[in-house]
Amino acid sequence: MATTAKFSQQHRSRFHFDAADAAQRLALPAVWIVVAIVFAFALPGIFLSSGNISTIFGSQTVLVFATLALVIPLTAGDYDLSISATLALANMTLALLTVQHGWALMPAIAAALFVGVLVGLVNGGLVTLFAIDSLVVTLGTSSILYGLVLWVSSSNTISGIPSDLVSAVVGTSFLGIPLQFYYGLLLAAAIWFVFEYTTLGRRLLFVGRGRAVSRLSGIRVNRLRWGSFVASGVLAAAGGVIWGGTTGAADPSSSQAFLLPAFAAAFLGATSIMPGRFNPWGSIVAVYFLVTGTTGFQLLGVETFVQQVFYGVALVVAVALSQIARRRREGIEDEVNLE
């Protein structure tokens, strides 16, 4: 009888854990749907029009790349405040090489991505070799990179990025949505696969949860952290390439607008799909949840400053919820294991 009662109690605990876990995983997608329904009733015939849906899903790939670039170092327990500056420098490199120096498109793209590699190597080296906090390092390199962008561009917008890139990003669509949306999905799928099914991904997660324990386990912590910065730099640079294909130009100043929403989406995504963990699919949902909200407000005629307020509030709430989700998940798992 005692054994049966204990088994029943364990079964109820695990059922409680499964139910709570499912609720946390699906909360953000559910809220996203509710928000979309509210705006659909508030803006009948406008919000759910094919043109607006195409705009929502087909215009945020740069933000998706910036957010996913953040997710990798965040998983390792580091911050990268230089992603928007890296994005801007890669975008400007692409424009300068193709427009002013006559480079072919593919070598120019390779050079832009190499910019991301260099930035990641510098960030990772300063953080790991000199044991400097990642916030300080990447804040400093971000300022340097923005200065470089203004210098090489003479603070001017460079227009005329080859039409082949523009066509590949926004000129072709599938199911009414530009191809760039699917680039973001493919990137999220690749990162998810690495996180879930490779030793590298597991070790990265382990490092983020406890560096001292990871070192004792034989994991090369600094090498993984350094590599996460390089990956972040490359993805941010890829976002710069996508941005060039989206706008057909390189603007030396507008990239700063990506940093706040990228952080908001990364932390908000950590409350969804895989609560308590930075994860690519949660980040994707968070990006389009935020964009749905800002688009709806814009269509309602709300002042433009509301967008920044919305992102700021989302970031604060997301950080709080991600911490709560992690602690609750760990508490429930400990309770189940003890029983």
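I began with T141, which sits in helix α6; helices here are DSSP runs (H or I, at least four residues), numbered from the N terminus. The model is a predicted one, where local features need pLDDT of at least 70, side-chain atom pairs count only at pLDDT 80 or more, and totals for chains, interfaces and linings use all residues. Residues are numbered from 1 along each chain as its sequence is written, and side-chain values use heavy atoms, with hydrogens and water left out.

**Entry: T141**

I looked up the accessibility of T141 and noted 10% relative accessibility, so T141 counts as buried (under 20% relative accessible area; exposed is over 50%, partly exposed in between, with a 1.4 Å probe and protein chains only). Leaving aside neighbours within four places in sequence, I listed S82, V122, N123 and L126 as contacts of T141 (contact means heavy atoms within 4.5 Å). I also checked T141 against L81: they are 60 residues apart along the chain, and their C-alpha atoms are separated by 8.5 Å.

**Entry: α5 and α6**

I then took the packing of helix α5 (residues 105–129) with helix α6 (residues 134–153): the angle is about 145° and the axes are 9 Å apart. Axes are lines fitted to C-alpha atoms, for helices over the stretch in contact, and angles run from 0 to 180 degrees between N-to-C directions. From α5 I noted V119, V122, N123, L126 and V127 in the contact, and from α6 S134, V137, T138, T141 and L145. I sorted the contact of α5 with α6 by class and got 6 nonpolar, 4 polar and no charged residues (Ala, Val, Leu, Ile, Met, Phe, Trp, Tyr, Cys and Pro are nonpolar, Asp, Glu, Lys and Arg charged, and the others, Gly among them, polar).

**Entry: aromatic rings**

I found 14 aromatic pairs in the structure (rings of Phe, Tyr and Trp, the last by its six-membered ring, with centres within 6.5 Å; planes under 30 degrees apart are stacked, over 60 edge-to-face, the rest tilted). One of them is F39 with F47, a tilted pair at 5.5 Å centre to centre and 35° between the planes. F39 is buried at 7% relative accessibility, and F47 is buried at 3% relative accessible area.

F39 also pairs with F297, edge-to-face, at 5.6 Å centre to centre and 85° between the planes. F39 lies in helix α1 (residues 2–42) and F297 in helix α13 (residues 280–299), so this pair ties together parts 258 residues apart in sequence. I noted F297 as partly exposed, at 28% relative accessibility.

Last, I recorded a cluster in which ring pairs link W32, F57, F181, Y182 and Y288.

How values were computed: Helices (H or I, at least four residues) and strands (E, at least two) are DSSP runs, numbered from the N terminus.
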